[in-house]
Amino acid sequence: MSQLEQKHSNAKIYLTVWFWLFVLSFIAYFIDMMHLSFGLSAVLFTLIALMKVGLIAAYFMHLRFEKLNLVYAVLSPLILLVALVAALLPEAASILGTLTMR
Amino acid sequence: MQPEAKTVSLEEVMKSDWSGGKSPFGISWGKLMMWIFILSDLFTFGGLLTVYGALRVSSGRWVETEQVFALHLFGKDLPLLLIAIMTFVLISSSGWMALAVHSAQNHDRKRTVLYLSLTCLFGLIFLCCQAYEWTKLIKEGLRPWVAPDKPPFFGIRNFGACFFTLTGFHGLHVLSGIIYLLAIALRVAKGVYDRRGSYEAVEIAGLYWHFVDLVWVFIFTFFYLF
C-alpha cells in the first residue's frame with residue numbers, strides 16, 4: 001500500500017460525510033414539507049443537491065485527493081451540460097408559447 | 001512589434017506532467033477508465049434530465065408529485081415518504097461502500113466482504129422500493145405517454161415517459177451495480193486481491209457505486225422534489 005493511500009484511508013472522514021448526507025436529505029425533505037414558493041424552494045433544493053454531490057464526489061469518490069489534472073478532466077466537460085440546458089429550456093418555453101396561442 | 005518570446009529550459013519542460021514518461025493523472029489505468037465511463041454516463045443522465053426539464057416546461061403544467069408518490073400508511077397519505085425512504089436507503093448503501101473501500105485499503109478481507117454485502121443488501125432494498133413504486137403507478141393506469149385523466153395525473157402524457165425512462169435507467173444502473181459488487185465481493189472472499197497484493201478493484205467498484213448514488217441525488221431533487 002502506498003503512503004498516499006494510508007494517509008487518506010480514514011474511516012472518520014467517511015462517517016462524517018455520511019452523517020452530513022443524511023442531514024442534508026432531511027433538510028431537503030423538510031423544505032418540501034414547508035410548501036415555500038416554487039422559486040425559493042427550487043433554489044434551496046438545487047443548492048442542497050450541489051452540496052450533496054460535492055460531498056460524494058470529493059470524499060466518497062476521492063476527487064479531493066486526486067491530482068488537479070484529473071479533477072479538471074472530469075469537471076470541465078460538464079460545462080457542455082450547462083450549454084445543453086441553456087439551449088433546450090428556452091426552446092421548450094417557446095413550444096409552450098405556440099401551444100397556448102393556438 | 002514582435003512579442004518577446006519566453007525561453008523555457010528543457011529541465012522545466014521535463015518537469016511538466018505532460019512531458020511524457022509520466023502518469024499525468026496519477027492513477028492506474030483501471031481507475032482512469034472508470035472515471036471516463038462515469039463522465040460519459042453523466043452525460044447520458046444529464047441528457048435525460050435536460051429532456052425531462054424541456055418536456056415539463058413545454059407541457060405547461062405538471063402532475064402533483066407529492067400526491068403521486070405518497071405512501072398510504074396508518075390510514076393517511078404521507079406525501080413523498082417512499083422517495084425519502086429510498087433516498088436514505090441509497091445513501092446508507094453508499095456509506096457501507098465507503099467503509100468497504102476503507103477496509104480494502106487496510107487489506108481487511110473479512111470486513112471488506114461484510115461491507116460489500118451490506119452495500120448490495122441496501123441496493124436490493126432500494127430496488128424493491130422501486131419495484132413497489134412502479135407496480136403501484138402501473139396499476140393506477142400510468143404508462144409512457146398515457147396518464148389517467150384525473151388528479152393527481154391530470155392526463156399529462158409526458159409524465160409517464162419521463163418517469164419510466166429516468167427511474168428505469170437509474171434502476172438498471174443499481175441492478176448492474178449490485179451484480180458488479182457481488183462479483184467483486186466473491187473475488188475478495190476467494191483471496192484474489194490478497195494474492196495480487198492490491199485491493200484497487202474494490203476502490204474502482206466503489207467509484208461506480210458512489211456515482212449511482214450521485215445520480216440519484218439529481219433525480220431525487222429535480223424529478224421528485226421540484
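These entries record what I looked up in chains A and B of a predicted model.

**Ground rules.** I kept in mind that local features need pLDDT of at least 70 and side-chain atom pairs count only at pLDDT 80 or more, while totals for chains, interfaces and linings use all residues. I number residues from 1 along each chain as its sequence is written, with chains lettered from A and ligands numbered from 1 in the order in which they are written.

**Chain A, domains.** I looked up the domain assignment (bounds from an automatic or database assignment) and noted domain 1 at 1-65 and domain 2 at 67-102. The C-alpha centres of these two domains lie 24 Å apart.

**Chain A, elements and extent.** Counting DSSP runs (helices are H or I of at least four residues, strands E of at least two, numbered from the N terminus), I found 5 helices and 0 strands. The radius of gyration of chain A, taken over C-alpha atoms, is 19 Å, well over the 13 Å that the globule rule (2.2 Å times the number of residues to the power 0.38) gives for 102 residues, so chain A is more spread out than a compact globule. Along the principal axes, its C-alpha atoms fill a box of roughly 70 × 35 × 15 Å.

**Burial in chain A.** I recorded 15% of the 102 residues as buried, meaning that 20 or more other C-beta atoms, placed from the backbone, lie within 10 Å of the residue's own.

**Chain B, helix α4.** I then turned to α4(B), residues 81-105, whose 25 residues reach 36 Å from first C-alpha to last, close to the 36 Å expected (1.5 Å times one less than the number of residues).

Methods
A residue is buried if 20 or more other C-beta atoms lie within 10 Å of its own, exposed if 12 or fewer, and partly exposed in between; C-beta atoms are placed from the backbone.
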